[in-house]
Amino acid sequence: MVSYALLLCWIVITLIPLYWMLVMSFKDTAVASSFTPEWFPKNPSIATYVRFLTETDAVRWLLNSLFVSSVLTVTNVLFCSLAGYAFAKLRFPGRNTIFWLLLGTMMIPAQVTLIPVYIIVVNTLQLGNTYTAIMLPMFATVGNIFLMKQYMSTLPSSLIQAARIDGCSEWRIFYKIILPISKPGLAVLAIFTFVATWNEFFWPFLVTQTSSMRTIQIGLASFKFADATDFGAMMAGSVVAALPMFLLFFSLQKYFLQGITIGAVKG
């Protein structure tokens with residue numbers, strides 16, 4: 001009974017910010033900025049959504065975010081699943097050393113490597129204000145490699161041995177056997193990567209200068225001015241920006257739950 005009560009409290013605490021964001025998006029900015037809380041909008045209006053979509057580069061920001069997140073999801077699923085398979089099922093010299101070195105990089109705070117990466121991408125490679133600059137440091141992350149390595153370690157090695165005896169090449173084994181039985185793990189990886197890159201703020205903010213290259217998260221910050229904040233339009237943009245996350249989760253919910261259950265995020 002206590003566990004249900006705690007779970008109910010946790011659900012309420014989780015949903016209140018989402019509800020507040022949705023309610024605020026239908027309020028006029030003056031009402032949304034008032035100190036008196038208003039749980040139900042008295043005069044709901046979609047003017048904030050119209051202002052968000054027509055008076056800004058919101059459509060371009062959404063397309064930029066969709067493009068960047070989609071490409072990074074594909075590259076991470078491809079490269080991290082290959083790396084995870086190699087570390088989990090293949091035997092080669094230095095396998096454990098390389099893997100632990102990669103894991104060691106996860107212990108370094110991102111703030112420490114931010115300036116060197118910025119100098120390499122922007123100053124040395126001259127890629128500032130481009131899609132490549134936004135995506136290059138995140139084509140394949142160590143965390144995702146670790147995730148896939150742990151997942152693929154749970155797959156039966158007997159299937160791989162049988163395929164090798166039948167003459168299958170390693171590429172054919174990976175494509176025909178490993179990938180089909182790894183759908184739950186790949187779905188979890190895709191969801192995590194898409195959500196993380198969609199919500200990424202600081203790195204795209206650093207390497208982009210023009211409004212046409214910005215992503216939706218950076219675009220939302222442009223509603224905060226020197227002496228005021230357009231909360232109505234900002235909340236409307238936040239609702240629009242959150243919709244792809246909900247669609248992605250519910251479309252891959254079956255695989256996501258399977259992946260969690262059978263150890264896709266097992267440490």
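Predicted model: local features only at pLDDT ≥ 70, side-chain atom pairs only at ≥ 80, totals over all residues.
Residues are numbered from 1 along each chain as its sequence is written. Local features need pLDDT of at least 70 and side-chain atom pairs count only at pLDDT 80 or more, while totals for chains, interfaces and linings use all residues; side-chain values use heavy atoms, with hydrogens and water left out.

Biologist: How many helices and strands does the secondary structure of the protein come to?

Modeller: Helices (H or I, at least four residues) and strands (E, at least two) are taken as DSSP runs, numbered from the N terminus. Along its principal axes the C-alpha trace spans about 70 × 60 × 30 Å. The secondary structure comes to 15 helices and zero strands.

Biologist: What share of the residues in the protein is buried?

Modeller: Buried means under 20% relative accessible area, exposed over 50%, and partly exposed in between (1.4 Å probe, protein chains only). The areas come from the Shrake-Rupley method with a 1.4 Å probe, and for residues only the protein chains shown count as cover. The accessible surface of the protein is about 15,400 Å², with 72% of that belonging to carbon and sulfur atoms. Of the 267 residues, the buried share is 37%.

Biologist: Among contacts between residues at least 6 apart in sequence, what percentage join residues at least 24 apart?

Modeller: Contact means heavy atoms within 4.5 Å. Among contacts between residues at least 6 apart in sequence, the part that joins residues at least 24 apart is 74%.

Biologist: Which residues form the salt bridge of the structure, and how far apart are the closest N and O atoms?

Modeller: A salt bridge is a side-chain nitrogen of Lys or Arg within 4 Å of a carboxyl oxygen of Asp or Glu. Side chains of opposite charge can pair when their charged atoms come close. The structure holds one salt bridge. It joins arginine 164 and glutamate 170, with the closest N and O atoms at 2.8 Å.

Biologist: How far does helix H10 reach from its first C-alpha to its last?

Modeller: The expected span of a helix is 1.5 Å times one less than its number of residues. H10 covers residues 170-181, which is 12 residues, and 16 Å is expected. The reach in the model is close to that, at 16 Å.

Biologist: What arc do the buried residues Ile173, Phe174 and Ile178 of H10 cover around the axis?

Modeller: In H10, Ile173, Phe174 and Ile178 are buried. They lie on the same side of H10, because the arc, taken from the directions from the helix axis to the C-beta atoms, is only 95°.

Biologist: Which helices are included in what covers the buried residues of H10?

Modeller: An α-helix has 3.6 residues a turn, so residues three or four places apart point the same way. The cover over the buried residues of H10 includes helix H4 (58-89), helix H8 (142-152) and helix H9 (157-165).

Biologist: Which exposed residues does the face of H5 turned away from its buried side carry?

Modeller: In helix H5 (residues 95-105), Arg95, Phe99 and Leu103 are buried. They cover an arc of only 60° around the axis, which puts them on the same side of H5. What covers them includes H4 and H8. The face turned away carries the exposed residues Thr97 and Leu101.

Biologist: Which side chain makes a polar contact with the side chain of asparagine 76?

Modeller: Asparagine 76 lies in helix H4 and, at 1% relative accessibility, counts as buried. Leaving aside neighbours within four places in sequence, its contacts include Met138, Leu189 and Thr193. A polar contact is a pair of N or O atoms within 3.5 Å; within protein, one must be able to donate a hydrogen and the other to accept it, and residues adjacent in sequence count only if both atoms are side-chain atoms. The side chain of asparagine 76 makes one, at 3.0 Å, with that of asparagine 144.

Biologist: Leaving aside its neighbours within four places in sequence, with which residues is serine 69 in contact?

Modeller: Serine 69 lies in helix H4 and counts as buried at 1% relative accessibility. Beyond those neighbours, serine 69 is in contact with Phe194, Thr197 and Trp198.

Biologist: What is the phi of glutamine 126?

Modeller: Glutamine 126 lies in the loop between helix H6 (110-124) and helix H7 (131-135), and its 60% relative accessibility counts as exposed. Glutamine 126 is not a glycine, but its phi is positive, at about 55°.
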